[in-house]
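This walk-through treats a predicted model. It begins at the ligand and then turns to the strands.

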Amino acid sequence: MKDVTYQELQTRYRALIEEETDPVANMANLAALLKEAFGFWWVGFYLVHHDSLVLGPFQGPVACTRIPFGKGVCGSCWKWSAPIIVPDVHAFPGHIACSDVSASEIVVPLMQQDVVIGVLDVDSEHLNCFDDTDRQGLEELARLLVENSQFSLNLLP
Ligand code: SME
């Protein structure tokens, strides 16, 4: 069921970004699509800016603006260049709590030519909300975003 929703989202997102290469516009619409389709608590982006991740377009409550390399779930995803599923955020050492309501979380990297340029972060108010279907679905959406957008990079030296 969830996989069908992701497939539908991918089709809609492809059409949305077909003629748009602006990364902010494309990140903003992806956050909105995901929030609307699944009702997640928080959906948004952090982009690599030298030694930190800086908050980008998002849907949901106010969030922390900067996350250092290797810190929290997002900084760990950047460090490991790999998606992270956290069934219970309180059990993840170093988790950064932007909201007390968040209970589980998934973070997937935005990869450009094997380099992490940012992350897509999704939070749920329910424990154990995310699984491999979400990972695959979000990774594909992240791939479409990067492939179709002209990101200007401020990567680590
Ligand atoms: N929980 C994240 C911080 C970002 S907020 O969830 C929006 C982390 O540990 O990196």
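In this predicted model, a nitrogen atom of the ligand lies 2.7 Å from a polar backbone atom of Ile96. An oxygen atom of the ligand is 2.9 Å from a backbone N or O atom of Cys74. With Glu105 the side chain is involved: one of its N or O atoms is 3.0 Å from a nitrogen atom of the ligand.

How much of the ligand's accessible area does the protein cover? On its own the ligand has 300 Å² of accessible area, and the protein covers 99% of it. The space that the ligand takes is the largest cavity.

The shell around the ligand can be described by element and by class. Strand E1 (42-49), helix H3 (72-80) and strand E6 (115-124) are the elements that each give two or more residues to this shell. H3 supplies the largest share, with three residues. There are 13 residues around the ligand, and those that come nearest are Val73, Cys74, Ile96, Glu105 and Asp123. Sorted by class, the shell holds eight nonpolar, two polar and three charged residues.

Within E2, Val54 is the residue opposite Leu47. E1 and E2 form a hairpin with two residues between them. In the turn, His50 has a positive phi of about 55°.

E2 has a second pairing, with strand E3 (residues 66-68), again in the antiparallel sense but over three bridges. Here Leu53 has Ile67 in E3 as its bridge partner. E2 and E3 likewise form a hairpin, with six residues between the two strands. The turn of this hairpin contains Gly60, whose phi is positive at about 130°.

Technical notes
Residues are numbered from 1 along each chain as its sequence is written. This is a predicted model: local features need pLDDT of at least 70, side-chain atom pairs count only at pLDDT 80 or more; totals for chains, interfaces and linings use all residues. Side-chain values use heavy atoms; hydrogens and water are left out. A residue is near a molecule or strand if one of its heavy atoms lies within 4 Å of it. A polar contact is a pair of N or O atoms within 3.5 Å; within protein, one must be able to donate a hydrogen and the other to accept it, and residues adjacent in sequence count only if both atoms are side-chain atoms. Accessible areas come from the Shrake-Rupley method with a 1.4 Å probe; for residues, only the protein chains shown count as cover. On a 1 Å grid over the protein atoms alone, a cavity is a set of points where a 1.4 Å probe fits but cannot get out, and a pocket is an open set with protein on both sides within 12 Å along at least five of seven lines; lining residues have an atom within 4 Å of a point. A molecule sits in a cavity or pocket if more than half of its atoms lie within 2 Å of its grid points. Helices (H or I, at least four residues) and strands (E, at least two) are DSSP runs, numbered from the N terminus. Ala, Val, Leu, Ile, Met, Phe, Trp, Tyr, Cys and Pro count as nonpolar, Asp, Glu, Lys and Arg as charged, and the others, Gly among them, as polar. Two strands pair if DSSP finds at least two bridges between them.
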